[in-house]
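The structure goes in first, then my entries.

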Amino acid sequence: MVRQTVPPRIRWAVGAMDVQGTDHLLEIGCGPGAAAEVICPRLSSGKLFCIDRSESGVDRTRRRNQPHVDSGRLTVRQIDLATLRVPVRRLDKAFAFNVNLFWVRDCADEVALLHDRLVPGGKLFLFYETPRVREDLAKVVGGASNALAGAGFEVTRLDSADPPVIGIVGTRT
């Protein structure tokens, strides 16, 4: 099997989340599993739960990270966030990369579910590649920020020029 590289945007995002060994995390839209590849080796007693609506995304994540699945550090499921039942009662962090749900439509139910599952002080990170959303950047930031604030999150913003990424961070108070 050819070793896949981890894009700089994913490494930056994982670094920005400051993953700790005991963290329980949820990734929304795991795609090819690059974030799991970076996060799982950092976990000692923590766990990563990845979801994706796409069967191929789930399959790619599992294949890429099979040792972490086998160790119990990683669980991967094909499911939509709206119907998610998180196996862990409390999450320290949840994140998504280039997931449009949070700014293109009403997502109050999904954001409320995440707010409920995060521990007090827990964080929801929404990352977007700025070249990908350049024309819609104000809509992305405004829509995602409003969705998080509407659910009771304290909202902050992270910016990176290299790699070009923006992060909208909701902290559960």
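What volume does the largest cavity have? I got about 40 Å³ for the largest cavity. The model is predicted, so local features need pLDDT of at least 70 and side-chain atom pairs count only at pLDDT 80 or more, while totals for chains, interfaces and linings use all residues. Residues are numbered from 1 along each chain as its sequence is written, and side-chain values use heavy atoms, with hydrogens and water left out.

Entry on terms. On a 1 Å grid over the protein atoms alone, a cavity is a set of points where a 1.4 Å probe fits but cannot get out. A pocket is an open set with protein on both sides within 12 Å along at least five of seven lines. Lining residues have an atom within 4 Å of a point. Points are joined across faces, edges and corners, and a volume is the space filled by probe spheres set on the points.

Entry on the cavity. I searched the whole structure and found one cavity of 30 Å³ or more. Its lining includes Ile 10, Glu 27 and Phe 127. Helix H1 gives the largest share of this lining, four residues (helices are DSSP runs of H or I, at least four residues, and strands are runs of E, at least two, numbered from the N terminus).

The largest pocket has a volume of about 610 Å³. Of its 30 lining residues, I noted Ile 28, Gly 29, Phe 97, Asn 98 and Val 99 as the closest to its centre. Elements that give two or more residues to this lining include strand S1 (24–28) and helix H5 (101–104).
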